[in-house]
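Let's take a walk through this fold together. Keep the structure open as you read, and follow along from piece to piece.

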Amino acid sequence: MQCKTRYYDTYAVVVIKNPGNQPETTLLTSHNRGGRRNEFVLPPPLSRISNNGANTMAERMLKFTTLPQQTPNKRAVTVRREDFDEIYEEFEPPQAEDQASRCSQCGIPFCSVNCPLGNNIPDWLKLTTEGRLEEAYELSAATNTFPEICGRICPQDRLCEGNCVIEKGFESVTIGAVERYITDTAFEKGWVKPIRPAQERGESIGIIGAGPAGLAAAEALRSRGYQVTVYDRHDRVGGLLIYGIPGFKLEKEIVLRRWRWLEDGGIKFVLNADIGGAMTFAAMRKSHDAILVATGVYKSRELGGPGAGLSGIVPALDYLITSNRKGLGDAVPDYDSGHYNAEGKDVVVIGGGDTAMDCVRTAVRQNAKSVTCLYRRDKQNMPGSLREVTNAEDEGVVFTWLSAPEAFLGDDKVTGVRAMRMHLGLPDASGRQSVEAIEGSSFTVRADLVIKALGFDPEDLPTAFNEPELKLTHWGTLKTNPKTFETALPGVYAAGDIVRGASLVVWAIRDGRDAAAAIHHQFAHVTQAQAAE
């Protein structure tokens, strides 16, 4: 008999080779904080060890020792470079059940703890393994307004999957792919029903912004019976979900499907809304019992240095919106003129976040001659998802790490970027290593199109809405009461990136749901006080 032991932070796995043709015995041992040892045997995958013939939980789950991690298949690089369709294929039911069964069902689910929404991940993984998909969907939807969207675009490697306790050695459960599979199946089977409040309420809520925070709040308020109207400056619902994120990560039909679902639930939408112009903020306040501002942040951070004003240097969001509009079939003169079109050009993208990854991969699909990403830190310190970096590298993007632009070359139009090599120094006040230039290390990268992907700042909403009573923080975000989400104006609330600053979609959903709960609490308190009188 041979025995092989692998040690991890809080547990050890012992694989015992039994004599003859007998199956291996897998022993899982764990140690709690008090030093007490718990030990149990993981049975062979096909054994049946319960009195009533049903599988035990240990048999259905905890298969991370016998089943390797498997993500959905990717479309071939040569194929996916040619279009904007999603690169991942769907899980087949057996694959989804197998991957869900790898969950260790740990006592403290760090996947849930590190999910901004606190999703009940181990529970719906278990239901998926058991083939109880409709229940899995109901449980998933109880905490997440848009699980099929989060399953596609969340940086799971930094959140739930990155904190899975089996990550080291066995690789994490593919939580995002299973989450997507559950809700896509629910739509296919007709399990996703329109919102039908148990009781209608008379209060009217106006929401400014049809992005993830505004839509999450709209769903939560409508479910409680409020009359909800959502206003947005664009001609489609979704905010950055529809115009900012490329189709290869989130196909637009997924967002449009949710738009139809919200409308079927009784939520009204007013698009191409000019808040602060044709529609005054004061008039909007009179039309509704409460206002929620969820505009997000759209203002691109600027890039200085010699030549920064040359033609051919464009903001990332303008570039992505143009590309997405073209993909949706809109007439886009700025794309047709070549101003926001990378075809045949040497493209340089400056930045290392998810928006930068969206830009480099979009440029590849627009048939750019070359695509280079300049980032001032190294790969391990970039803020974007490493999964997206891998996808970009596979598609031919060149990453020049530890490099920052020094100047932009050209007469009227940019022809190149002069950059300097950087090195990482001591941690700064934020805890991240500082970045210092290396003297005499300048080099030039040819560029016909430079895309600035340095992040986003909030717009000046008091000026845009012509409402000076809206107070701002020193970051330019709207100032709110952190418990009630209310701004300095009574009855006006705010949530999402316009309060938090540029962040993840999953945080916007969380903020929208929390703001809706706070608004409901306020109205419920008033109703109770009136009833007491």
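What follows goes from confidence to sheets, then to hairpins and helix packing.

This is a predicted model, in which local features need pLDDT of at least 70 and side-chain atom pairs count only at pLDDT 80 or more, while totals for chains, interfaces and linings use all residues. Residues are numbered from 1 along each chain as its sequence is written, and side-chain values use heavy atoms, with hydrogens and water left out.

The average pLDDT (the predictor's confidence in each residue, from 0 to 100) is 90 for the protein, and 88% of the residues score at least 70. Over residues 6-11 the pLDDT stays under 50, and the model gives them 19 contacts (heavy atoms within 4.5 Å) beyond four places in sequence. Residues 28-54 also have a pLDDT below 50, with 49 contacts beyond near neighbours in sequence. Where pLDDT is low, the predicted coordinates should not be read in detail.

Now for the sheets. Helices (H or I, at least four residues) and strands (E, at least two) are DSSP runs, numbered from the N terminus, and two strands pair if DSSP finds at least two bridges between them. Strands of a sheet pair through backbone hydrogen bonds, either parallel or antiparallel.

Another open sheet has five strands with parallel pairing, in the order β10-β18-β11-β12-β13. Its edge strands, β10 (313-315) and β13 (398-400), each have a single partner strand, so one side of each is left without a neighbour in the sheet. The twist here averages 25° from one strand to the next. Three bridges join β12 (residues 370-374) to β13 in the parallel sense, and cysteine 373 has phenylalanine 399 of β13 as its bridge partner.

What lies across β11, β12, β13 and β18? That's α16, running at about 170° to β12.

Helix α16 (residues 354-365) also packs on helix α17 (residues 386-394), at an angle of about 20° and with the axes 10 Å apart. On the α16 side the contact uses Met357, Val360 and Arg361, and on the α17 side Glu388, Val389, Asn391 and Ala392. Sorted by class, that's four nonpolar, one polar and two charged. Here Ala, Val, Leu, Ile, Met, Phe, Trp, Tyr, Cys and Pro count as nonpolar, Asp, Glu, Lys and Arg as charged, and the others, Gly among them, as polar.

Next, the antiparallel part, where β15 keeps turning up. Strand β14 (residues 403-410) is joined to β15 by seven antiparallel bridges, with proline 405 partnering alanine 419, and the two strands form a hairpin with three residues between them. On to β16 (residues 433-437): four bridges join it to β15 (residues 414-427), again antiparallel. This hairpin has five residues between its strands, and glycine 431 in the turn has a positive phi of about 100°. Strand β17 (residues 443-446) runs antiparallel to β15 too, over four bridges, and arginine 418 is the bridge partner of threonine 444 in β17.

Finish with another helix pair. Helices α6 (residues 133-143) and α9 (residues 175-189) pack at about 110°, with axes 9 Å apart, and that makes α6 roughly perpendicular to α9. Leu133, Ala136, Tyr137 and Ser140 of α6 meet Glu179, Tyr181, Ile182, Thr183, Thr185 and Ala186 of α9. By class, this contact has six nonpolar, three polar and one charged residues.

Key
Axes fitted to C-alpha atoms, helices over the stretch in contact; angles between N-to-C directions. Parallel < 35°, antiparallel > 145°, perpendicular 65-115°, else oblique.
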